[in-house]
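Here is a short briefing on a protein model. Look over its sequence and fold before reading on.

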Amino acid sequence: MAKRTIKKELVTSRWLNETKEILIYLPPGHETLTDLPLLVLHDGPDYFNLGRIVTQATPLIEAGELTPFAMMAIPVNKERRTSEYSPIGERQASHMSMVVEELLPLVRSRYPISPKRDDLVVGGSSLGGTVSLHLALQYPDVCSRVLSQSGAFLQQTIDEVMRQPSLSHLQIYQSIGLSETAVPTHMGTLDLVARNREMKRHLLEKNAKVAYYEEEGDHTWGFWQRELPRALRLFFGQ
């Protein structure tokens, strides 16, 4: 198996007024590749450690099942996570500005990353899925592909989708575990199954391309890890 390549970048954000250690995964054979697609991950270190996304993606790339792609793992201070990821959080707009104006230009300047919108996927689980969708809604010229696992969708997110004239440019992978009917969060207990069904309906009304999956699972990394290969095949399958 090819040696995995993970780089670290310390980024001091003027938007969030803090320094973050960003992890960059480069696929096997990246030394000779250009214009790599990029997957941006909220709660990124958790995706690397608990989601085992690098361990799962690397052999699929080596086997030719996935197009080689890079990943950027964005960490978050758990105490500020709701503030940065939730649509009612006072730091969400600044977080999204950091991603678009600071992190994407940095990673594209230092690594062989494609500048094209359609080569960028932004994703996350729970509120990480929520903020990923908001990024695509706020910056449609930058991002049009979203990976949402157990998205914690609030009414504000649904309202934002309903305000859009059309989302025909948007492609979203949406998954939810059937046990996620009473998930405790900082914003109260949420029925994420009902909220994801409602979100899917509104996205389809706006002509978004939705790959939607419901199956046995709960609001844990065990479920998200298990179904990650399917999401990767949707966006990066050969």
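The lining of the largest pocket holds seven nonpolar, six polar and four charged residues. Here Ala, Val, Leu, Ile, Met, Phe, Trp, Tyr, Cys and Pro count as nonpolar, Asp, Glu, Lys and Arg as charged, and the others, Gly among them, as polar. The model is predicted: local features need pLDDT of at least 70, side-chain atom pairs count only at pLDDT 80 or more, and totals for chains, interfaces and linings use all residues. Numbering starts from 1 along each chain as its sequence is written, and side-chain values use heavy atoms, with hydrogens and water left out.

**Pocket**
- The largest pocket has about 290 Å³ of space.
- A pocket is an open set of points on a 1 Å grid over the protein atoms alone, where a 1.4 Å probe fits, with protein on both sides within 12 Å along at least five of seven lines; lining residues have an atom within 4 Å of a point.
- Grid points are joined across faces, edges and corners, and the volume is the space filled by probe spheres set on them.
- Of its 17 lining residues, Arg 81, Ser 126, Leu 127, His 186 and His 219 are the closest to the centre.
- Strand 8 gives the most to the lining, three residues.

**Sheet**
- Eight strands form an open sheet with mixed pairing, in the order 1-2-4-3-5-6-7-10.
- Strands are DSSP runs (E, at least two residues), numbered from the N terminus; two strands pair if DSSP finds at least two bridges between them.
- Strand 1 (5-13) and strand 10 (209-215) are the edges.
- Strands 1 and 2 run antiparallel, joined by nine bridges.
- Lys 8 stands opposite Leu 23 in strand 2.

How values were computed: Helix = DSSP H or I, 4+ residues; strand = E, 2+ residues; numbered from the N terminus.
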